[in-house]
Amino acid sequence: RADIFPVAGLASGEIYGFTVYGHGGPSNPQPWTNVTSATFLQFSRLIMPTRPTYFGCVDSTARHVSGPKNQYYGERQLFLLGFKFDLCTDQMDHPDLFLFFGKIRALREKAQWWKRRFSYEDTIGITHISNNEDGHVQVRRFDEQLPSGGIVLAVDNYYNHTGRVVTFLGKQFPIPPNQLDVIETGLKTHPDQY
């Protein structure tokens, strides 16, 4: 994987995929395999894993995937991708959005997210999520870019499922029954894991 851009600014693309444009759907294929489609944003994040990335607003994202009527799908994807986020002007009248963004901010502050300079590693090393046939639980990996080299998992469990377990690098971690959470795995990054 090469870092092909000196800086990353605004990320452009449908956050949930759009089959008309050939970006696939809201699925999350394993990276570096023989997949035929993936969302552009997920792929761009994977090839620029350490760059701070901002997702600006487009009306299609605001209308189709954001806010309580869409179960905050767009906002949850921004959390899973490790994006910094912006608000569209037509979202300013929805205080629920501010509350949901507040949850994300609180989780990131607790994990010292920006201080630890995480690298987005998508689903590398995540091999199974138990009882997840409905696809409701999504998990993404982030590696700390500091000498301590910790690994965390960002979790989207919007429907508060209980009893689910994620298998990561051969170890099992219970999925917290919270809508969003960060799992501190206690594992360290090693080049041979890639």
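A: Helices (H or I, at least four residues) and strands (E, at least two) are DSSP runs, numbered from the N terminus. By that rule the protein chain has 4 helices and 10 strands, and from the N terminus on they run β-α-β-α-α-β-α-β-β-β-β-β-β-β. This is a predicted model, in which local features need pLDDT of at least 70 and side-chain atom pairs count only at pLDDT 80 or more, while totals for chains, interfaces and linings use all residues. Residues are numbered from 1 along each chain as its sequence is written, and side-chain values use heavy atoms, with hydrogens and water left out.

Q: What makes Y72 and Y158 count as buried?
A: Buried means under 20% relative accessible area, exposed over 50% and partly exposed in between, with a 1.4 Å probe and protein chains only. Y72 has a relative accessibility of 9% and therefore counts as buried; Y158, at 13%, counts as buried too. Of the 194 residues of the protein chain, 49% count as buried.

Q: Why is the pair of Y72 and Y158 called tilted?
A: Rings of Phe, Tyr and Trp (its six-membered ring) pair if their centres lie within 6.5 Å, and planes under 30 degrees apart count as stacked, over 60 as edge-to-face and the rest as tilted. The structure holds 8 aromatic pairs. In that of Y72 and Y158 the centres are 6.4 Å apart and the planes stand at 55 degrees, which is the tilted case. This pair links distant parts of the chain, since Y72 sits in the loop between α2 (59-64) and α3 and Y158 in the loop between β7 and β8 (165-168), 86 residues apart. Ring pairs also link Y72, F100, Y158 and Y159 into a cluster.

Q: What makes the pair of W113 and F142 edge-to-face?
A: The ring centres of W113 and F142 are 4.8 Å apart and their planes meet at 65 degrees, so the pair is edge-to-face. Here too distant parts of the chain are linked, with W113 in the loop between α4 and β4 and F142 in strand β6, 29 residues apart. Both W113 and F142 are buried.

Q: Which residues have the most contacts inside the largest nonpolar core, and what makes it a core?
A: A nonpolar core is a set of buried Ala, Val, Leu, Ile, Met, Phe, Trp, Tyr and Cys residues joined through side-chain atoms within 4.5 Å. The largest has 21 residues, and F79, W113 and F142 have the most contacts inside it. At least two residues each come from α3 (73-81), α4 (95-110), β4 (118-120), β7 (150-156) and β10 (180-188), with α4 giving the largest share, 5 residues. Apart from this core lies another of 13 residues, among them I126, I151, L153 and F168.
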